[in-house]
Amino acid sequence: MSEVVIVGAGPAGIRAAQTLCAHGLRPVLLDEAPQGGGQVYRQQPPGFTRDAGQLYGFERRKGQALHTALAQLEGQLDYRPDTLVWNAEAPWLDTLSQGREAQRLAFSEVLIATGATDRILPVPGWTLPGVYSLGAAQIALKSQACAIGEQLVLAGSGPLLYLLAWQYAKAGAPPLMVLDSAPLSAQARATPALLAQPATFAKGVYYRAWLGVHGVPVHTGAQLLNVEGDQRVEAVHWQDSRGQAHRVACDALAFGHTLRSETQLADLLGCTFQWSAANRAWLPTRDEGGRASVTGVYLAGDGAGILGADAAELAGELAALSLVSDRGLHVDPTRRHELQQRLGSLERFRQGLERAFPFPEQWAGQASDELVVCRCEQVSAGEIRAAVRQGHWEINRVKATCRIGMGRCQGRLCGAAAAELIACESGRAVDQVGRLRAQAPIKPLPFGVEVKP
Ligand SMILES: Cc1cc2nc3c(=O)[nH]c(=O)nc-3n(C[C@H](O)[C@H](O)[C@H](O)COP(=O)(O)OP(=O)(O)OC[C@H]3O[C@@H](n4cnc5c(N)ncnc54)[C@H](O)[C@@H]3O)c2cc1C
């Protein structure tokens, strides 16, 4: 029997499930995480007792509302946590539950709401123990109630940088400093666009001011140079906005430059992709209702372009309404219009964020040849450049030549950095070097998994 399937139980997937159930459908909701909520409303493991305020701060009510929505759907859907979708080939998905039970699941329609991960631009020493992505540092705090270190430096750019600094400080582990690669002038210039969402903008200003008042130094226009250490992180070297170099002793570093969408399932299903300048990434195309280019495939949330948690909830509902209406069922046109309007306003805010936290264009030109870019296959920047000098500039050809993106992460961690290096070395714009094609399994599988049709 073919099912209506949602992949991802974050804000987008849960609101999509709720909408489908409200219209009389009984979807299958798959998520590799053991509990619903996605990245932003990640739940703590059983036995942990911190309240919603400690976990989600200003967003506690939204988080609680989302968890309640999922709980209230019990009996109306087939929710399968701990279930990874590792392959997609219409009309089926390959899943792995609890790390051992493989199943091939036929779908009639699939709504992909797989979210995002950090975008990593490596620096020398980034593979040392004690270095985390910003997202991973937040997961340690939110899910496991652990700080990643006692003397912590946060670096990179984007809203998560400030949110994380505030969350760590509130949890009793204030960072030594925050190094933001975005110049202060860019953030000031972005203010008019950011005022499209005054409440969200105010939260960002609050985090920043709070850090100042509580003695956490924030350096804008600061560049992370390298991580020093023998067995693990011992210090970080960085350069301030005037070009002066500094060294700060620390025992942990978290870094990242905003987020990147998880698009592999849409790719495996044959969806059309388009370059998004705002995301500096190839994204699956969708119409204003969330329909992908392939019939029966719907897209919602950060997995189809980074727009944040509130937008993910709206987009999940909107894509589900499109699915319902494509089945010939009645949907409320006013609600659809309202969702589209609100998403449009969030889109304007997103443009503002892009201006406030611009991509550090100089990164690729400054990366040393010895820098390890792909930690799965130990491919260095120099090897990528050598492949380009052999005449390869299309990213999949470079992958075939030097194995960048061929390891366990399948390019999810190194793909963005590799594209920047290839573009820089070949003298092309980054959208001209092609798109790293997804391959199954999209995430690592244990040996011995048997696909049961
Ligand atoms: C680590 C991290 C931390 C973040 N923290 C915050 C924060 O504190 N505040 C904030 O406003 N924004 C945060 N963001 C951004 C935020 O995640 C999003 O804006 C929001 O959660 C997007 O909702 P979503 O439903 O699109 O995706 P998500 O919330 O990411 O949910 C996607 C879900 O899909 C599941 N999934 C993905 N791939 C598969 C697969 N192949 N098979 C099965 N399941 C799969 C994941 O387990 C996840 O539960 C964070 C992002 C990241 C990456």
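Modeller: Start with Tyr207, which is buried, its relative accessible area being 9%. Buried means under 20% relative accessible area, exposed means over 50%, and partly exposed is in between, with a 1.4 Å probe and protein chains only. The model is predicted, so local features need pLDDT of at least 70 and side-chain atom pairs count only at pLDDT 80 or more, while totals for chains, interfaces and linings use all residues. Residues are numbered from 1 along each chain as its sequence is written, and side-chain values use heavy atoms, with hydrogens and water left out.

Now the rings. A pair of aromatic rings is described by the distance of the centres and the angle of the planes. Rings of Phe, Tyr and Trp (its six-membered ring) pair if their centres lie within 6.5 Å; planes under 30 degrees apart count as stacked, over 60 as edge-to-face and the rest as tilted. The whole structure holds 10 aromatic pairs. One of them is Phe58 with Trp166: the centres are 5.7 Å apart and the planes are at 5°, so this pair is stacked. Phe58 lies in the loop between helix H2 (52-56) and helix H3 (60-72), and Trp166 lies in helix H5 (residues 159-170), so the pair ties together parts 108 residues apart in sequence. Helices (H or I, at least four residues) and strands (E, at least two) are DSSP runs, numbered from the N terminus.

Phe58 is partly exposed at 41% relative accessibility, whereas Trp166 is buried at 7%. Phe58 also pairs with Tyr207; here the centres are 6.0 Å apart and the planes are at 40°, so the pair is tilted. This pair, too, links distant parts of the chain, because Tyr207 sits in helix H8 (residues 198-213), 149 residues from Phe58. Together, Phe58, Trp166, Tyr206 and Tyr207 form one aromatic cluster.

Elsewhere, charges sit over rings, meaning that NZ of Lys or CZ of Arg is within 6 Å of the ring centre and within 35 degrees of the ring normal. The charged end of Arg428 is over the ring of Trp393, 4.1 Å from its centre. Arg435 has its charged end over the ring of Phe273, 3.9 Å from the centre.
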